[in-house]
Amino acid sequence: MAYYGTWICLAVEMEVDNVTRRLDSIRSDSSEELQQHQLKLNDIMCLLKHQSDDDELDDVNIENISAAVKEAVACADGISTQHRLQHINVSKVGKAIDKNFSQVGVGPLSEDGFFKDEKDKRALVEVIGDHLLREGKLGIGEKMCEESGQKPKLNTSLPDVFLQLNGILKALNARDVNPALNWVGENREALLKQGSTLEFQLHRLAFLTLVKNGDSLQADAMVYGRANFPRFAKLHEKEIQGLMTALLYFSTGSMKSSPYTHWFNEKCWDDIRDQFAREASALLAVPIESPLETCCSAGCVALPILLEVSRAMAQARQGQSQAPQGNTWNGRNELPVEIKLDKDFHFHSIFSCPILRQQTSEANPPMRLNCGHVISKDAIQKLMRGQRFKCPYCTGAQNLQEAKQINF
Amino acid sequence: MTTISTDVKTLEHSTLKVPYEVLNKRFRTAQKILDREAAYVAQAGSEVEKLIGEVPIPSRSSMGVLSGFGSSSRSMDDCDSNTEGPILVESSINVQSIAALLAGVKDGSGEQMVCDSPQGSSVIRGENEMEADEPVISSNNRVASLSKRSMSDNGHGLKFEHSRNKPKVKDVAKLLGVLVERLGSLKRKAGDSIQEELDAANTVRKRVQHLKSYTVQADAVQASPSQSNVVQKSWKRSRLNRMLIDHLLREGMYDTARMLADDLGIKELTNVDVFWAAKEVEESLKRHETGRMVQWCYENKSKLRKIRSTLELEIRVQEFIELVRHGRRNEAVKHARKYLADSEGEEYISAVKKCMGLLAFPVSTSLSPYAELFSPDRWNQLIAHFRQEHARLYQLAPNSVLEAVVQAGLAALKTPQCYRTDTKNTNCPVCTDPLSALALHLPYAHCAHSQLVCAISGEPINENNPPLVLPSSFVYGSNALQEMAKNNSGKVICPRSNKVFSVTEAEKVYVM
């Protein structure tokens with residue numbers, strides 16, 4: 001069963017198909033018909049050639065010619081008429097688009113669009129520039145600086161870093177661990193401080209790739225293992241044993257039934273790629289994902305909801321006689337609805353007071369009551385009866401001094 | 001149910017609407033060409049007929065000739081209200097030819113006969129039910145008007161009847177040759193222009209299918225969330241790139257947009273080609289040339305009129321200013337007479353008045369508004385105005401989709417912590433410059449429910465990882481604190497205050 005999104009696409013596609021079908025048939029029919037009329041008139045002209053130039057046309061010929069001419073002219077006119085009738089079908093495509101897809105008006109967050117400001121425009125260009133550099137599209141980034149007439153305020157070493165990281169990730173995609181191993185070797189100490197096991201995992205992958213590529217490389221695999229694994233004996237002894245045992249299974253050709261199949265899964269490469277990206281970005285203190293991409297992913301979820309809400313609010317406002325003014329939606333400088341995002345988008349601890357249904361802030365911090373429940377300071381003020389108040393969850397009475405501010 | 005797919009509904013309007021506008025424009029161009037070519041054919045046909053004289057009995061095809069003249073003179077606007085399908089037209093031609101026949105025989109009583117003839121209208125009604133929901137009455141009207149037209153045309157045609165001597169073979173052959181040529185030209189041009197339309201329709205189809213590939217996937221994931229979303233991920237990346245390209249185009253960074261589209265191989269999913277014409281216009285304006293812009297205005301005349309654009313007036317005014325600037329005042333007046341005189345409406349008149357006032361002032365004047373008119377900055381304003389009208393022409397929103405999405409995304413991610421040095425997170429877009437500057441004026445995300453992340457491990461704090469507060473007042477997940485205590489003989493270090501506590505000092509916190 002098609003859901004809404006598919007349905008709106010199908011609605012447009014249907015109209016496009018209709019137009020294409022009809023135009024196509026007009027094209028082939030008209031070409032054929034015109035061809036016939038041309039042939040017919042050519043035949044007549046051939047017949048006329050047999051008569052001498054200054055002869056007069058006889059009645060039979062006149063009638064034939066007249067009929068042929070009239071038919072040809074009617075055919076030509078028919079083509080233009082047929083085509084004109086497609087106007088309705090063409091415009092149906094446009095109507096289907098307008099009906100099923102909505103225009104993004106001015107951003108729902110401001111009446112005039114914040115990014116009209118020159119400074120904001122420049123900042124956005126900068127963000128895009130950073131993104132392009134991250135993607136390794138140096139030339140395109142330079143072109144953008146040229147066209148926007150704007151020198152990027154970039155950390156000059158950053159492009160190189162991303163270029164290198166991109167190269168490594170690309171190599172991992174192409175099943176080559178060497179660039180990654182080089183990089184890990186250069187940053188060994190810092191990585192170990194982070195508790196990273198990346199280097200061992202990369203070596204493991206290199207070893208397993210040798211094993212997998214058949215008997216001829218078995219000796220190479222052994223040499224590789226002897227050269228690289230001893231260093232990791234302290235932390236990974238068990239795994240090293242396993243790896244060498246895997247060699248055994250592979251040469252007997254019974255790898256599929258061995259306990260080590262998971263190591264030969266192609267997904268290992270994706271995992272190590274992700275892990276590399278994560279650890280490298282932690283080490284370099286640069287974001288794992290492009291900030292622009294993260295932001296846009298969140299925006300693609302948020303925008304439809306916000307547009308829907310702002311439309312509903314505009315309608316509600318029309319009903320009221322007194323229209324509240326300003327860009328902020330509820331006077332709290334906060335979006336009017338909660339946008340539920342994936343946990344990948346949770347970057348900060350947010351404590352929302354369960355009493356006031358409102359995020360806490362520096363002025364209104366979360367307070368731990370002596371019973372362990374946490375509510376906001378403003379909520380306590382609201383609950384105060386004289387010097388004391390009761391916890392709304394366990395009704396334990398206490399005074400303000402007993403509640404302690406906490407930080408998440 | 002709609003949460004996954006509404007992003008397509010909300011974000012992709014211009015992805016489809018712009019190529020549709022191209023299709024629509026090509027349709028109109030094709031219609032003009034076909035009308036013109038059909039008129040040439042009809043003209044060539046009538047030349048032949050004139051030469052060989054009228055045939056005694058008007059036949060079905062003679063009607064065709066006449067209606068050919070009639071319909072080619074009809075404008076496209078008529079066509080808007082004309083909703084019958086091809087079948088209906090066939091039928092109306094049939095009735096029409098009967099009318100023509102009757103008109104020929106009974107000399108003028110034909111119209112009456114057709115409208116009253118039960119047979120005639122039943123033909124229409126029958127065909128009509130097959131085709132569409134067009135009310136019967138209007139198609140009858142159409143028949144009436146058509147038969148009226150054919151009658152008058154017929155009356156005109158009858159004038160030839162008793163003309164002259166038999167024509168000569170060579171003259172007839174020559175005219176027939178012209179007719180065959182015209183037919184060939186029609187055939188060729190119809191083929192070409194319809195192909196152009198089909199190409200444009202194909203662009204729309206390709207894009208709609210690209211969107212569909214995502215929605216189908218989204219539906220599948222929605223139906224069984226265990227499905228992998230690798231395809232979706234790459235689709236979303238491509239969407240980001242499409243939005244980027246669209247934004248670059250909207251901001252006039254045409255070459256960058258094109259390079260990116262070529263690099264990613266997604267040019268046909270973007271509007272790069274459409275904006276290429278805009279690039280040419282803007283570049284000519286930057287060189288202080290008006291020709292390309294005038295041409296563009298001409299090419300899009302009807303659309304510009306529909307959106308009540310003043311662009312053409314602006315560019316004509318600029319031409320006038322340039323003439324004055326170069327001391328060619330007489331030519332300027334001629335120019336104004338030709339292009340500015342027939343402007344209507346209050347704002348046009350005042351613009352024209354200002355222009356004419358310009359004649360009285362030297363180029364070096366500092367008097368407003370004449371100094372502004374002479375200012376070279378007016379060219380930049382023209383570029384900005386053009387960009388705006390170009391977007392309006394293709395029914396693009398005033399902002400690029402990227403801008404709207406970035407705004408929404410920043411607001412959805414924005415927390416008060418993003419602006420405190422001790423709680424920044426490198427991976428949070430709002431915490432990092434330059435996005436943080438952009439987010440400054442935006443509202444914060446609304447969080448009705450607490451959403452806690454352990455500052456040590458980055459894991460979510462929830463019932464599987466309940467929160468504990470240290471005497472330093474900082475809260476962490478119990479998993480991370482227990483792990484740390486295990487390796488550290490019961491001691492934990494609060495990373496935010498750098499104080500050491502015994503894990504037993506940690507107290508439970510209940511977050512509702």
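In which hand does H4(A) pass H5(A) in their crossing? Let's start there, everyone. H4(A) passes H5(A) in a left-handed crossing. Please keep in mind throughout that this is a predicted model.

Let me stay with that pair for a moment. Helix H4 of chain A covers residues 118-134 and helix H5 of chain A covers residues 138-148, and their axes come within 8 Å and cross at roughly 160°. An angle over 145 degrees counts as roughly antiparallel, and H4(A) and H5(A) are therefore roughly antiparallel to each other. If you'd like to find the contact on screen, look on the H4(A) side for A:Val125, A:Ile128, A:Gly129, A:Leu132 and A:Leu133. On the H5(A) side, look for A:Leu138, A:Ile140, A:Gly141, A:Met144, A:Cys145 and A:Ser148. By class, that contact has eight nonpolar residues, three polar ones and no charged ones.

Helix H11 of chain B, residues 254-264, packs with H5(A) at an angle of about 165°, and the two axes are 8 Å apart. H5(A) and H11(B) are therefore roughly antiparallel to each other, and here H5(A) passes H11(B) in a left-handed crossing. From H5(A), the residues that meet H11(B) are A:Ile140, A:Lys143, A:Met144 and A:Glu147. Facing them in H11(B) are B:Asp255, B:Thr256, B:Met259, B:Leu260 and B:Asp263. This contact divides into four nonpolar residues, one polar and four charged.

Let's zoom out to the whole interface. How many residues of chain B are in contact with chain A? The count is 140 residues of chain B, touching 134 residues of chain A. Helix H9 of chain B, residues 169-223, gives the largest share of chain B's side, with 29 residues. Sorted by class, that side of chain B holds 79 nonpolar, 41 polar and 20 charged residues.

Back inside chain A, there is one more helix pair to show you. Helix H7, residues 178-186, and helix H9, residues 198-212, both of chain A, have axes that come within 10 Å and cross at roughly 155°. H7(A) and H9(A) are therefore roughly antiparallel to each other, and H7(A) passes H9(A) in a left-handed crossing. Here A:Ala180, A:Leu181 and A:Val184 of H7(A) meet A:Leu198, A:Glu199 and A:Leu202 of H9(A). That makes five nonpolar residues, no polar and one charged.

Next, the annotations. An unreviewed UniProt entry gives "domain: CTLH" for residues 274-331 of chain B. In the model that span is 79% helix and 0% strand, and its end C-alpha atoms lie 35 Å apart. For chain A, the unreviewed UniProt entry places "domain: RING-Gid-type" on residues 353-394. That span is 17% helix and 29% strand, with its end C-alpha atoms 16 Å apart.

Finally, a word on confidence. Chain A has a mean pLDDT of 81, and 88% of its residues reach 70 or more. Within chain A, helix H3, residues 87-100, has the highest confidence at 92, while helix H11, residues 233-251, has the lowest at a mean of 77. Over residues 322-328 of chain A the pLDDT is below 50, and that stretch has five contacts in the model beyond near neighbours in sequence.

How values were computed
Residues are numbered from 1 along each chain as its sequence is written. Chains are lettered from A and ligands numbered from 1 in the order in which they are written. This is a predicted model: local features need pLDDT of at least 70, side-chain atom pairs count only at pLDDT 80 or more; totals for chains, interfaces and linings use all residues. Two residues are in contact if their C-beta atoms, placed from the backbone, lie within 7 Å. Helices (H or I, at least four residues) and strands (E, at least two) are DSSP runs, numbered from the N terminus. Ala, Val, Leu, Ile, Met, Phe, Trp, Tyr, Cys and Pro count as nonpolar, Asp, Glu, Lys and Arg as charged, and the others, Gly among them, as polar. UniProt positions are given in the numbering used here, feature names are shortened, and annotations may be inferred rather than shown by experiment. Axes are lines fitted to C-alpha atoms, for helices over the stretch in contact, and angles run from 0 to 180 degrees between N-to-C directions. Angles under 35 degrees count as roughly parallel, over 145 as roughly antiparallel, 65 to 115 as roughly perpendicular and the rest as oblique. A crossing is left-handed if the near helix is turned anticlockwise from the far one by less than a right angle, and right-handed if clockwise. pLDDT is the predictor's confidence in each residue, from 0 to 100.
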